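Subject: Structure handover

Hello,

Here is the structure I promised you. Please open it first, then read my notes below.

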Amino acid sequence: QVQFVESGGGLVQPGGSLRLSCVASGSIFRLSTMGWYRQAPGKQRELVASITGNHNTDYADSVKGRFTISRDNAKNTVYLQMNSLLPDDTAVYYCNIVGLGKYWGQGTQVTVSS
């Protein structure tokens with residue numbers, strides 16, 4: 001079993017920045033493609049960024065150029081740097097192994113509002 005603990009969310013004005021962190025338990029972290037997901041009220045959870053064990057990254061079109069995903073395998077941690085935030089980025093953000101679909105953490109709330 002794996003566990004994910006997300007942190008770093010908060011309230012920020014449009015155009016602001018936040019850096020999210022996710023600490024994962026379990027030895028499979030280093031081999032796994034990790035993703036940041038988000039779920040806004042009334043919407044389905046969506047994958048916004050992913051990073052392979054070799055640090056290859058991919059992004060949803062809605063965040064490309066604004067968000068950067070990274071990982072530190074020595075710390076079992078994945079990060080999401082979010083810049084130029086928009087009100088539409090408001091959501092609960094989760095990390096997980098891409099495709100796992102279970103063992104979701106509590107997430108971290110990001111609210112973008114003036």
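**Strands around E9**

Strand E9 and strand E10 (residues 108-112) run antiparallel and are joined by three bridges. Strands, labelled E, are DSSP runs of at least two residues, while helices (H or I) need at least four, and both are numbered from the N terminus. Two strands pair if DSSP finds at least two bridges between them.

This is a predicted model, where local features need pLDDT of at least 70, side-chain atom pairs count only at pLDDT 80 or more, and totals for chains, interfaces and linings use all residues. Residues are numbered from 1 along each chain as its sequence is written, and side-chain values use heavy atoms, with hydrogens and water left out.

Back to E9. Its pairing with E4 is antiparallel too, over six bridges. Tyrosine 93 in E9 stands opposite arginine 38. Tyrosine 93 also stands opposite threonine 108 in E10. E9 is mostly covered, with six of its seven residues buried. Buried means under 20% relative accessible area, exposed means over 50%, and partly exposed is in between (1.4 Å probe, protein chains only).

**A network of salt bridges**

How many salt bridges does the structure hold? There are four. A salt bridge is a side-chain nitrogen of Lys or Arg within 4 Å of a carboxyl oxygen of Asp or Glu.

Start with arginine 38. Its side chain meets that of glutamate 46 in a salt bridge, at 2.8 Å from N to O. Arginine 38 is buried, at 6% relative accessibility. Glutamate 46 is partly exposed, with a relative accessible area of 32%.

Arginine 38 also forms a salt bridge with aspartate 89, where the closest N and O atoms are 2.9 Å apart. This pair links distant parts of the chain. Arginine 38 is in strand E4 (residues 34-39), and aspartate 89 is in the loop between strand E8 (77-82) and strand E9 (91-97). They are 51 residues apart.

Aspartate 89 has another partner: its side chain meets that of arginine 66 in a salt bridge (2.7 Å, N to O). Arginine 66 lies in the loop between strand E6 (57-59) and E7, and aspartate 89 in the loop between E8 and E9, so the pair ties together parts that are 23 residues apart in sequence. Arginine 66 counts as buried at 14% relative accessibility. Aspartate 89 is buried as well, at 1%. Through shared partners, salt bridges join Arg38, Glu46, Arg66 and Asp89 into one network.

**Arginine 71: a buried charge**

Now look at strand E7 (residues 67-72), where arginine 71 lies. What is the nearest side chain of opposite charge to arginine 71? It is aspartate 72, 8.3 Å away. Here Lys and Arg count as positive and Asp and Glu as negative, while His and the chain ends are not counted. Arginine 71 is buried, yet it has no salt bridge.

Backbone oxygens do lie by its side chain. The backbone oxygen of phenylalanine 29 is 2.6 Å from a polar atom of the arginine 71 side chain. For the backbone oxygen of serine 32, the distance to a polar atom of that side chain is 2.8 Å.

Arginine 71 touches several residues, among them Phe29, Arg30, Gly53 and His55, not counting residues up to four places away in sequence. Contact means heavy atoms within 4.5 Å.

Asparagine 73 sits in the loop between E7 and E8. At 18% relative accessibility, asparagine 73 counts as buried. Asparagine 73 is in contact with Phe29, Arg30, Gly53 and His55, leaving aside neighbours within four places in sequence.

Best wishes

Methods:
A polar contact is a pair of N or O atoms within 3.5 Å; within protein, one must be able to donate a hydrogen and the other to accept it, and residues adjacent in sequence count only if both atoms are side-chain atoms.
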